[in-house]
Amino acid sequence: MLNTLTTSFVARLKARDEAAWFELWETFGPVIRAQLTKWGRGKIGVETVRDLSQETLAALSGSLDRYDPAKGARFSTWLLAIAKHVLGDEMDRRMALKRGGGKGHAELDESWMSRAGTRADVEYEGAVFRAKVEKAIRMVEHDCDFADFAIYRMRVFDGMSGKDVAVALGTSEPTVSRRLTKVRDLLRIRIAEVVAMYSFTEEEQREAEKSGLLDGAKRKSEKDADSMFDECLCEIFHTQTELRKRDREASDSARW
Amino acid sequence: MSAVGLFGLILGLLLAIGAAFAVVALTLPVVRAVGIAVGSIFRFVGMEISDSLRLVGSVITSVVLAPFVLATVILGRWSAAAHFGRAIQGEVVTAGACVYRMAIGHPAVLFRARALTEGIERRLPEVVRAAPGRDRPSARVGQFQGYTIVGSLSGGGSGGKLYVAEPDAIKQAAFERQGAPGVQQVVIKSFSLQDGSTLPQIIRESRALDAAKKMGLVLEHELTNDRFFYVMRFVPGESLAIVTHRMHAASGDSGLNDSALRRTVGYIADVLQTLTGYHEGGLWHKDIKPDNIIVDARRAQIVDLGLVTPLRSNMTLTTHGTEYFRDPELVRLALKGVKVHQVDGARFDVYATGAVLFSVIENSFPAHGVLSPLTKRCPEAMKWIIRRAMADYDKRYPTARAMLDDVRFVAAANDPFGIKPIELPSMSGAPTADPAPSTDVEPELVGAAGPALGASSSSMAGVPSGPRLRIKSWWQDRCSRFDRGRAGRRSGLWLGPVGLFAHWDRGGPSPKGKNEGAEEAVASARRGSPIPKNAGRPSAEEQRTRARERANAARERARQRRAARRTPIANDFRPGVNVGVAVALVMLLVGGGVVAVAIIKHRDESRQAQIEAPAAPGIGVIPGQRVPLLPRAGTASVDLDTASDVPSVVPAASRPQSGLGSALSLAAAGAGLAIDQTVRGSRVLVVCEVTPPLSTAARNRIAPMLTRLHNAGVIVLADPFHDASGADQATEDRLVSLHRQRELRSLDSRQLEDDIGGWLRADTQVDFVVWIEPEPQRPGGVLVQLFGDREQRPDWNGAARLLAYAVIKDLVRPD
């Protein structure tokens, strides 16, 4: 059963809310491009990958109306299936062009995505989850006070000590700690929201807990839970940064 | 076992275990290295095979597609030809990339030398892409009056052509009058429908030029039916992108050194200073990026006004800009349909400047937006400035001047690394100048200004509320600024029943033609005379024309939107000849040429073989000439005008003396062939039917031929060049007899050969006949025919060959 966040987001997509589509593109574009690059290595160029990732979202737009939650497909699988379908369609189209004839685009139906061949690998699933977390971080950056988020960034993402952060910003360590807690709490809320928004199955919704981000209840102390959260978030952030860096480098070398 | 033995055993075991661990520890890295090397080799081989197959596939596909191109070109189906041409172009690019990877790319990866190929793979395409276009505008576009074009620049992505030009004296005087003295060189950005530019590009570029011109950014602009161009000062220097690469190359991997950092801060301060002027002048650059910042020895300057937009424009926001330097929030707002005047465009320039600073520090793009990590050497205060500039819309620096204050603070510090963010002016609570937009800039005259929708939302906090605008003329799309407090002083003048506002021109002359009606109405009102009925309004015809133009523009926009939704191939659609078509045609031409050469060569070889392997023996071959071979008689004919040269004849005195005689030497010297017969002493009767006086060409051909015969030891009868006394009676009789034999037959007739063969058998005093006559088809040409009788001469082959050589200046191969 889809939660309210998901249904409202899907409703926005169905209503052709361009901002919602841009969000989807901004959040999952690099992941789709990475996966299409992996599949189409040697067969399609980077520019084509970029075009196809946009077409994936366009195809997603067409398939939204026919989406049936009862089939139980994960959000990531859904995205992957459409991406693979678009890639396969492109290959068919190229072959048809080479034969000098025309071949119409294949119909997209949800039964296709349940085939065994569309099952995602662990790397892809991880990338989708990281994209969700990155989205949550962006939301917090948007919602938070600039100084609060800057403190969290310096402390967690840049690895500065609390004392150094306090000195740099002319404040006390307790203040830094308090602001960190404020941002961290907001991050937890946003991560839960984003994961819920982009999840179609309960299994997907539990991913944040599995990754160690939202399993504070199992920790011995609140401090342990916070440390674990920060550590996980830092790792996810930097891994996602690497993905984006590779995506950009691929764009730069599009001609090769 | 004693305790000592037990101890020794344990010690030995421990040592053995330790040694084993040591061996493993030492071996493991080696094994790992070998494994990595083997893996790399396998990967290399795999990639090479894969690319080889891909290359072959591309070539095959191109070859298969080439006939389609030719067929469609022949049929005049240009669209289809362009379509197939694009397909071939793609295949050629793929093949080229495969060749490059196989030859350079993969080996570089194998030997861990990616840095070696980085220049080819990244910098080279950048340089090629940035190469300027043609140095002169095409004839279709025309010249620019008052300017001498001296070069061109890379046009970028706006679709315009950039030319560097020198204004003439009249233009320079005009620039001086408008406050721009000393303009020696200018850049002309030209858009022409004849030269591939599109209407939306022209509209976009022309939108803000009036305002830009008031700021002195644009010296002149002109818009005609099919061309639009504007003129700016030429700023010499290099782009900040290139300077950044150079600074990083000089500084090393860890980041910019102190000197480069200081220069960077200075450049950014220059950019912010310029941007402050833009913003205070009511303009938004909208495309700040390293490529649009030109750095010379002194300072950095902003160029490219392609996207400059008035801050108070009533147009809808567009997503134009450059990825990584364009705030994602701008895209969101544009997708929501927000108008330009409803947002603070200056903040998007601030974001872009932060992104530029990031890219200079990191030598990379901020691919992660505001979350992009700074990994290179950078003062903490500078990191803070970058993040503050790239922060969320309502959290970043409110103005370029606020950012400029922080940047200048860092630039002024002795040790930028010692500055803490808290010390920055923006953090220390020091008030930063945030002047309201200057009132000197007129709002863009595009429609009527609507209410400031959404101005109260949180994301729009800080947006300056624009002035109230009053519509002056719906027909002319003109409006005036309306300020309640100063309405009576600066706003339009209410004219009572006329209902018109005078043009607010701030003291300057009103544009000619636009306000003539209004001025006339004002004058009439003052005079108390009746006001013309249509004063200030365009005629119905003009209104219809404008309506048509608006409708056409709307259609064009709709077409562009539809085109933007199509697939990439459809977007790239341009019928006609493209690179792929040209490649296909070249392939076909080259292939056809190769096939033609092969066929011709094959024909020659077949003919040669046919001639060289006669069932019946003859005198041999003369390449390229008809040589009939008969059982008894043989002939050789040659066109002396086209006969190939052969080595000169060895003079008799210097000929090597051998058993085979001088004739053999002659032939051997000519071609090194072994001839086992000699013609020394043979008698050759020359029948020369060329009417005197001989042309120089004919003389130059016949005389040496006969000389060669003499030199070869041949007795030449009736030699018209060497027998000064002329032929004797017997020879004359033979000539008459031969003429009778010939009658009217041509020299190459089979019957004539038989007849002369019979004549030679009957006359034992003559071994060969050389018949020379004018070539009928070519004035001045000479045809030479050699006749001999095989049965009469047992050494026929050798003799005939030698004679043929001597006569026709060519050699024959021995049978």
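This is a predicted model: local features need pLDDT of at least 70, side-chain atom pairs count only at pLDDT 80 or more; totals for chains, interfaces and linings use all residues.
**Exercise 1. Chain A**

Task: Find how many helices and strands chain A has, and what share of the residues in chain A is buried.

Solution: 
- Start with the elements: chain A has 12 helices and zero strands. Read from the N terminus on, the order is therefore α-α-α-α-α-α-α-α-α-α-α-α.
- Next, look at burial: of the 256 residues in chain A, 36% are buried.
- Finally, take the contacts in chain A with a separation of 6 or more: 71% of them join residues 24 or more positions apart.

**Exercise 2. Where the chains touch**

Task: Work out which elements of chain B give two or more residues to the side that touches chain A.

Solution: 
- Begin with the counts: 30 residues of chain B are in contact with 29 residues of chain A.
- Now list the elements of chain B that give two or more residues to this side: α1 (3-75), α2 (78-110), α3 (114-129), α9 (328-336) and α11 (380-389).
- Among the contributions, the largest share is five residues, from α9(B).
- Then sort the chain B side by residue class: 16 are nonpolar, three polar and 11 charged.

**Exercise 3. The setting of F721(B)**

Task: Decide why F721(B) counts as partly exposed, and which residues it contacts beyond its neighbours within four places in sequence.

Solution: 
- Count its surroundings: F721(B) has 17 other C-beta atoms within 10 Å, so it is partly exposed, because buried needs 20 or more and exposed 12 or fewer.
- Leaving those sequence neighbours aside, F721(B) is in contact with A703(B) and L706(B).
- As a distance check, R699(B) and F721(B) are 22 residues apart in sequence and 9.0 Å apart in space, C-alpha to C-alpha.

Note on methods: Residues are numbered from 1 along each chain as its sequence is written. Chains are lettered from A and ligands numbered from 1 in the order in which they are written. Two residues are in contact if their C-beta atoms, placed from the backbone, lie within 7 Å. Helices (H or I, at least four residues) and strands (E, at least two) are DSSP runs, numbered from the N terminus. Ala, Val, Leu, Ile, Met, Phe, Trp, Tyr, Cys and Pro count as nonpolar, Asp, Glu, Lys and Arg as charged, and the others, Gly among them, as polar.
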